[in-house]
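Visitor: I have a structure to look at, and I would like to go through it slowly. Could you guide me with questions and answers?

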Amino acid sequence: MLRMSWSTFRDRWPVFLGAIVSVCLGVALVQSSLLTLVSAATAKVPPGLSAVEERAIRDGYVGAISLLGMTLGLAFFVAIFVVSSTFAFTVAQRRRDLALLRLTGAGRRQVRTLLVGEALLLGVIGSALGMLVGLPVMRVQTAMLTSFEFAPSGFTAQWRDWIIAVSAGTGIGVAVLGVLAASRRAARVRPLEALRDLGAAARVMTASRWVFGLFFLAGSVALLILVSAVGGEAALPLSINATFTLVTAFALLAPLVVPLVAAPFGLVFRGKLGLLAQANLRTGVRRSASTAAPIMVLVAFVVGMAGTTGTLTEASRQEITRELRGDLVLTTDGPVGDRVAAAPGVTAVSEEAPVSFDVGTDAGEDGMEWESVDGLAISPASYAETHRAAVTSGNLADLSGATVAVTPSAGRWRVGDLMPVHLAGGPEQLRVVALLPETLSGPAVLLSPDLMPDGPRQYVVRATDAAAATPGLAALGQVMTTAAWVDEYNDRQQRTNTNVMVALMGMAMLYTLIAMVNAVVIAASDRRAEFAAARVTGLTRGQVVGTALAESVAVVAIGVLLGVLAAVGTIIGMASAVRDMVGLNVTSLPWSMFGAVVAIALVVVAVSSVLTTLSATRTPPIRLVAARE
Amino acid sequence: MDTQTRQLPAEPPVTTAPAVELQAVTRVYGARTAEVRALDDVDIAFRAGSWTAVMGPSGSGKSTLLHCAAGLERVSAGRVRIAGQDITDASDAELTRLRRTVVGFVFQSFNLIGSLSAEQNVAMPLRLAGRRPKRREVREVLASVGLADRAGHRPAELSGGQQQRVAIARAMVTRPAVLFADEPTGALDTRTARTVLSMLRAMVDTSGQTIVMVTHDPAAAAAADRVVFLGDGRLVDSLERPTTREVADRLARWEE
């Protein structure tokens, strides 16, 4: 049987090459993400640093680990998704070959053995290549992390020998798993299908597609409800999970959408070519759905992620604007409170210094668990004058000595609790005096003015005349109007969002682009005879290419439609989480990102479709029509 | 891998029991509203060691008859027996075994596996049956269809007639009790078709092969021992020892 696998392999190489590429890149991506994650998790802080520097590096690694954890999850998901859809597609493409085998006496089990044998072969080749390709991918990923400052500079990811086993296991496992489901279906191919022309008998929306599609759809709805219920920082990873399940659901249900898109498409592209393209879309539902799948993944993740982070950022901006009651914000390198208060035109000033410390929670037998928290040391009276300063219980005015006020994101504390802390040069316990409402923009904790360290700080200033007060303050540090300060915060946040997106998804999304090319090539490999028939019927080569191009535009439309549906689901989940947390009604739709992604997908699919059609129509048609085998 | 090997029928059955028998077979396609009766209460038996041609206009049900008789399609009503075995309700595994040992197929489009050489194509049914085919055995079958020197060629490197002969060799390698042929000469030119037909004739005459063949070509039908005519899913006529002219005349009458 393996020899049989080998000879089909030799014969159908474009299809299998596509499958190998998908396994190879999937393995490279997973391997690189895993090695980078493990390297970050085991990175040692170099000795001889000050406590502050050491803490900054430690926090940097913690941030990198959580980012890389998400990257790894995404890499796994996209790899499994792309590989399994590629393999399922290759199996569907060979329905007739398989029926022929059944006709010559192959049992169902033998068909499965053949397909799984092929998957093994492809998995082994793909994994071996993937391990090599993974090395440069890892370098790129590390470079991205350090240049975006998600990991301390000097961070490098190292090779581990055990990764060979993991990568081989991933590649082969994913390939075989991807083919298992498809092979069960393929084994049910009836021998008679060898005698009929392809497609008619192959029902695309199978019972299992329905069941799993609806199952994942229901799961996604549940997750989205959970996202809005959980809120806060946990909502972002959860909403990415919701994108996973939504994408899976839509990929399974995609064949239902193909005719829906094909119909209006036929109206737009009138004329004989449009008609032909529309007919091809309908008959090639499986092909259309397979090509649309990676497009959907790309759109769903990029638009979904950009939309959720954009929504969070916009909500933060609105929240800060709502909270701040100041006119000017002054940033300085050290304490200058008296001189700020003495400046002309200043009526109120709140001195605020950032404090990073660890909060301990009792983890039972494991002793204390310490978590890093960013807080702000303030004076309650002047803070209340320049901020909305709402509390849910307790009193902010009690904030003096060893005390804190906390938001729910700092943990489950009640007024009067004693909070164990590691605070440089400070007490070992802080008493909770007030509970603050949930916030997106921070700070998570307010500390008493007695805990205010030396070093950089900001002053929120109210002035009778902001313009008149500015020159006096400008001598002390950098001064901005509140509006300008909020804008700058917003810009910085958006830059970070973009960087996070690139670091998190850049590689995976490149992978989906290659998967698109792959799907187009695999789809075209089976259509030489069809193209030839069209040309014998009287279409010029240009018209055949034009039809294929029109089809590819429609396929992109299908992918984009489904991707946007998945993304919108995620964004709505995030928006409702934001509403529950801070009571703001915000949705930010990333139009420019959406436009860019659609344009890229369109160009990639259209160009590869035109090129493959050109190459598939190079042979004079009559030769292909005559020779069916 | 299914390793169960059935005993091959060593010799063609000597009894007068038919090789294939259809009893009151009806085959209905489509749902209630668009119901098509492809076969309507057909009774027919194909004698062992005989060659029968099935004819009829397009849509008369001749291909359906072949598919039902060969166990490729389930019947809606009635019973089908091949080589004494009732296959009406046979499981997929049983039908697979049947295809490996009891029946062989030849089609208009030769349906060879493009990636395999002629020799590998011919050996495929034996491999699928879990046997390790002997090289000599396969070569002999190829030689019997006059392709001893083409064993290593792939289908794309063979002419249409040669491809069909490879397909016949593949069908015959398991020494099936019945060979089912669907328009075996449909894609061949007249001269090549004649070669293929005389090869089938020789198989019937010398080794007592049973052949059931669907065709629309009177010349092909005239090579058979008997022609049966189908119209609207029913048997309407038959001819023993037909000539091309007789067949063409009957056909013209039934197609009016």
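Visitor: In which strand of chain B does B:Ala24 lie?

Guide: Before answering, note that this is a predicted model, in which local features need pLDDT of at least 70 and side-chain atom pairs count only at pLDDT 80 or more, while totals for chains, interfaces and linings use all residues. Residues are numbered from 1 along each chain as its sequence is written, and chains are lettered from A and ligands numbered from 1 in the order in which they are written. Helices (H or I, at least four residues) and strands (E, at least two) are DSSP runs, numbered from the N terminus. By that naming, the strand that covers residues 20-29 and holds B:Ala24 is E1.

Visitor: Is B:Ala24 buried, partly exposed or exposed?

Guide: A residue is buried if 20 or more other C-beta atoms, placed from the backbone, lie within 10 Å of its own, exposed if 12 or fewer, and partly exposed in between. Because B:Ala24 has 13 other C-beta atoms within 10 Å, the class for this residue is partly exposed.

Visitor: What is the phi of B:Arg241, and where does B:Arg241 lie?

Guide: Most residues other than glycine have a negative phi. B:Arg241 is not a glycine, yet its phi is positive, and with 10 C-beta neighbours inside 10 Å it counts as exposed. B:Arg241 lies in the loop between strand E10 (234-240) and helix H8 (244-255) of chain B, and its phi is about 45 degrees.

Visitor: Which residues does A:Met296 touch, not counting residues up to four places away in sequence?

Guide: Two residues are in contact if their C-beta atoms, placed from the backbone, lie within 7 Å. With residues up to four places away in sequence left out, A:Met296 touches A:Val247, A:Phe250, A:Ala251, A:Gly559, A:Leu562 and A:Gly563.

Visitor: Does the span of helix H17 of chain A agree or disagree with its number of residues?

Guide: The expected span of a helix is 1.5 Å times one less than its number of residues. Helix H17 covers residues 591-616, so its 26 residues should span 38 Å. Its end C-alpha atoms are 37 Å apart, and the two values therefore agree.

Visitor: Are H16(A) and H17(A) roughly parallel or roughly antiparallel?

Guide: Axes are lines fitted to C-alpha atoms, for helices over the stretch in contact, and angles run from 0 to 180 degrees between N-to-C directions. The two helices pack at an angle of about 150 degrees, with their axes 9 Å apart. Angles under 35 degrees count as roughly parallel, over 145 as roughly antiparallel, 65 to 115 as roughly perpendicular and the rest as oblique, so H16(A) and H17(A) are roughly antiparallel.

Visitor: Against which helices do the buried residues of H17(A) pack?

Guide: The buried residues of H17(A) include A:Val597, A:Ala601 and A:Val605. The helices against which the buried residues pack are H10 (285-323), H14 (482-525), H15 (528-536) and H16 of chain A.
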